[in-house]
There are 2 protein chains.
Amino acid sequence: MTAVSSSPVESSPGSRLLEPERETASAERIREVQLRRAVELSRLAQERSAFYRESFGAAGISPGDIASWEDFETRVPFMSKDAIRAWRDRTGDGFGGLLTVDPSDVTTVTASSGTTGDPTFFVEQWPGQVCSPLTACYLRSLWELGVRPGDTVLCNPAGLRGYLEDGFRALGAVPLLVDTWMGNWDEVAEVIRRYRPTYAQLMSPHLVELERLAHRGVDMRELMSSFVGVGFAGEPLGARMREKLTSEWGLKLWVYTSAGDTGLAWECGEHDGYHLNWDETLVEVLDADGRAVGDGEVGELVVTALDNDVYPLIRYRTDDLVRLTRETCGCGRTSPRMWVLGRAGDETVVAGRAVLPHEVWSIVEQEEETETGLFQIIRPQREVERLRVRVGFEDSGEVDLADLCRRLTASLSSRLGIPADLVDLLPETADQLLRRGSAAKVPRVAKS
Amino acid sequence: MTAVSSSPVESSPGSRLLEPERETASAERIREVQLRRAVELSRLAQERSAFYRESFGAAGISPGDIASWEDFETRVPFMSKDAIRAWRDRTGDGFGGLLTVDPSDVTTVTASSGTTGDPTFFVEQWPGQVCSPLTACYLRSLWELGVRPGDTVLCNPAGLRGYLEDGFRALGAVPLLVDTWMGNWDEVAEVIRRYRPTYAQLMSPHLVELERLAHRGVDMRELMSSFVGVGFAGEPLGARMREKLTSEWGLKLWVYTSAGDTGLAWECGEHDGYHLNWDETLVEVLDADGRAVGDGEVGELVVTALDNDVYPLIRYRTDDLVRLTRETCGCGRTSPRMWVLGRAGDETVVAGRAVLPHEVWSIVEQEEETETGLFQIIRPQREVERLRVRVGFEDSGEVDLADLCRRLTASLSSRLGIPADLVDLLPETADQLLRRGSAAKVPRVAKS
C-alpha cells in the first residue's frame, strides 16, 4: 500500500520526509482512505476468513453491512490475541482461522518476540513489492533520521517482524549483513570501523555488548561516530541508559515501538510521541467499556491493520495503555502520535492505587546498583494491599545489600504513595543478562 | 549467473534436480564456460581493482594476457585472506582494494563467522536478481532434499553469508521468520507444531537447544516429523551427535560447508562428498609448492569465485585441506565433490606425524563425558614433541576425572601413535556452551 514498497525512492535527498504527500495528507483525506479500506477489509474478512465469518455472523453482520464509520465503530466486534489462540486450540489451525488465502500463497510468516510466553504470528502477502508494508513504513523513519542512498547500514539478524535487508536496498542503502546479536560485537566493531555505517538498530541485549566494549576501553564516541541515527526498540529504554547512550557515547537515538502488532510507531525528529502510520494502522483508544476516550486521555489501543488483506486484524485489542494526540506534529506529519504507558494487564492495583511498571522502573533505575532497571512486580492477583518487587542488582562485590534494600523500599513507598516491600534482591551479572538475551524482553509482572 | 536467481523455478516437482541442464552439463562444456569467466574476471579485476592491478602488474601480466587455462594456471598469482588484510591495514580501505565498483552500487556486504578472530567480508552486487548467486545455488540443494513450492520453511536469522528469505521465496516456499537462535526454542517448537515446516537450517549452537527440549521430555521424533530435510553447517558434526539426530530424532541431515568462501558445498542425496557448484566456484587443489595434486590426493583448496565481478576472489588460497574427485556422482551431477580434512594452518606435527583436529575429535567424542567433542589442541608452535589437548566435559557431578583423563590419554596415544598429554579437563556445562553460542565455532588449535 505504501509508495516505496512498489517503486524506488522518489524523494529528494534534501527533503525531510520520504513520502511527503502521504505523510502530510490532511486528516479529512486520511479518514476518507481509511474508511474505504476498513469497509473493504471488513467485507473481505467476513467472506474469506472462518474466524470473521463466525464473529461477524454472531454480531448479526451480513457482508456489505459495514459501510460507514458509525457501522464500523458500533457494530464490528473486537478481537484479541486470546480469541486467535482459542480458535487455534479448538481447530488446530495454525493461522487461527484468520487467513483469507491459501497458505502456500503467503509471502512470509513472522513472529512477535513472545514476551508473554505465547508468540503472536503475523502473516503477510506482498506480491510484486520489494519489501513488506511494515518495512516500507520503517523506511520513512530511516529517511527522516538521515539515511540516504549509497549509505551502508548495519542489518540486524534479530529483526522483530522480519529482517530489513530488502527495505534497506529499496532505499538504495547497502546492508551490512553481520550477526549483531550477543557475543559478536568485537566483530561488529570491526565492521563499523571498516565500513562506517550510518544506521543500526539496537535492542536492550545489545546494550550489554556495547557496555562490554566500553569497559574494555573502546572509545565509544569515536566508534559510533559514523551513525547519523540509531533505532532503538524492544524493551523500553531507561532514562539513565538513554543518557549514557546519547550524552556519553553521542548516539542519536530514535526510539520506536509496536503499533499494537499491526506495524511500527516511531519517534520523529521532534522526539515527541510515537507516530502511527495512517496507511498501516487505523487506531482507536477505548475505555474499559469500549467507548472512545478523548485525545490525551489514557485508554486501550485498539488497532485495525489497513495493509494486510491475507491475515486481517480488525479492531484488535492490544492490551496496551496509551495516550493519543491527533494534532499535527512539529515535523509536519499529520499522523496521530501516541505515548505508551504499559500493558493494561500489567496494571497492579495497590491499596486502591493503579501502578504501572514504568513507574517502578523510573524509581529502580535511580540507584547506582540497579541502574539497569531489572525488576519484576510480584502479585498473586491484580489487586493487592502492598507492592512487592523483585530487583536485580549489579553484583560488583561491594554492594551494601541492607542499605540498597532500605533505599529502594523507601523511594518506592514515598514516590508511589503506597506500602511497598522488596521481596528479593538478586545479583544480576552481565553474563546472566547475556544468557537471557534472546528473549529481548523481561516480563515485568510475575505471579510469584 | 545461475538460472534461478533471475527467473522463477522451471523444474517440475517430480524432478530430482532444480536446474538439470546446468547441474549435469558435461565436464567439457563446464570447463569451456569456466575458462571464459576466468578470463573475463582476470581482465576485469586488473582493470578495475587496485589490489589486482598491483599483484598482476608485479607478476608481469598485462590486461588481456590471460587467455587460456595454461595462462591462468601458470601466470595468475595466488592471493589470500592475509593479503587482503595487509592491504586493508596499509590503506584503510575496508574493501581491501578488491572492489571494482563504487561502494554505493553494492547490493550487500556479508561477513564470515570470524572463527579465527578476523572476519572475512564478502561484497556482492546482483542487480535485477531476486537473491544472491550463493543463495541461488543453495536452492539446488533445497530442491533435491525435497522442498517444493508452497512449503513453509524455517528462516534462520543466524545466516552465514546472509539471510535466505529471498531465496526461499524464489523457490515458492513461505519463509517463517522466527528467531531460531539461542534461548528461543520453546517458541520455535511452537512454530514447528503450528506450521509444519519442511526445512530448517541448523548449526552447532542449535543442538544445545534441541537437547534441552529433549531433556524436558519433548518427543523430538514427533516434533521434527514435518521436516523433509535439515541443512547442517558451521562446525563439523561429530559422529555421535549425527547418530542421535538421525537415528534417535529421525532427522534427515544434509551437511554443507564453505567452498572456500566463494560459495557453499553441499552433500547430495548420495551423502558422498560435498558438491561444488561449477558456475560459482572454480576449484584447484594444490600442494605446498602450488602444483596441482591428482584426484583423491590431499592438497590446499584454491578457489576462484566465478559469479562475483564486484569483489573478485581469484586463485584465493583457502587454507582448507581437501581431497577432490571429478567423477560424476550417483545423483547425476557432474560437478566436482570434495572431502574436507581441516585447516592447513591447524595441522600440528607431533613427533614427526601430522595430526589434524578431526582425528582428535573422533577420539574425544568416544567417551561418554566428552561426547560433545569440545577440545583444543595446545601448541606453542606447529611442530611439537608431544600432543597436548584441552578437553571440555559435561559436569554431571559424577565424573571420575582421574579415570576420564587416563582413558582419553590412552586412546589419543594409542590411536594416533604419538605421545599425548591431557593438559586440562574443563567442566563444560550447557550454559557455558550457550554463552559461547554466537561464535558458532570453537577454535580447535590454541597457542596456550
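Mentor: Begin with the terms: helices (H or I, at least four residues) and strands (E, at least two) are DSSP runs, numbered from the N terminus. Two strands pair if DSSP finds at least two bridges between them. Strands of a sheet pair through backbone hydrogen bonds, either parallel or antiparallel.
This is a predicted model, in which local features need pLDDT of at least 70, side-chain atom pairs count only at pLDDT 80 or more, and totals for chains, interfaces and linings use all residues. Residues are numbered from 1 along each chain as its sequence is written, chains are lettered from A and ligands numbered from 1 in the order in which they are written, and side-chain values use heavy atoms, with hydrogens and water left out.

Trainee: In E16(B), what is the bridge partner of B:Val349?

Mentor: B:Ala354 is that partner. Strand E15 (residues 348-350) of chain B pairs with E16(B) in the antiparallel sense, over three bridges.

Trainee: In what order do the three strands of this open sheet in chain B stand?

Mentor: The order is E16-E15-E18, with mixed pairing. Strands E16 (353-355) and E18 (383-384) of chain B each have a single partner strand, so one side of each lacks a neighbour in the sheet.

Trainee: And in chain A, which strands are the edge strands?

Mentor: The open sheet there has the order E16-E15-E18, also with mixed pairing. Its edge strands are E16 (353-355) and E18 (383-384) of chain A, each pairing on one side only. E15 (residues 348-350) of chain A is antiparallel to E16(A) over three bridges, and A:Val350 has A:Arg353 as its bridge partner in E16(A).

Trainee: Why is helix H12 of chain A said to be largely enclosed?

Mentor: Buried means under 20% relative accessible area, exposed over 50%, partly exposed in between (1.4 Å probe, protein chains only). Six of the eight residues of H12 (residues 357-364) of chain A are buried, so the rest of the structure largely encloses this helix. Among them are A:Trp361 and A:Ile363.

Trainee: Is B:Pro197 buried or exposed?

Mentor: B:Pro197 is buried, at a relative accessible area of 0%. The residue sits in the loop between helix H8 (185-195) and strand E6 (199-202) of chain B. Leaving aside neighbours within four places in sequence, B:Pro197 has contacts (heavy atoms within 4.5 Å) with residues including B:Thr152, B:Leu176 and B:Phe227. Its C-alpha atom is separated by 9.0 Å from that of B:Met224, 27 residues apart along the chain.
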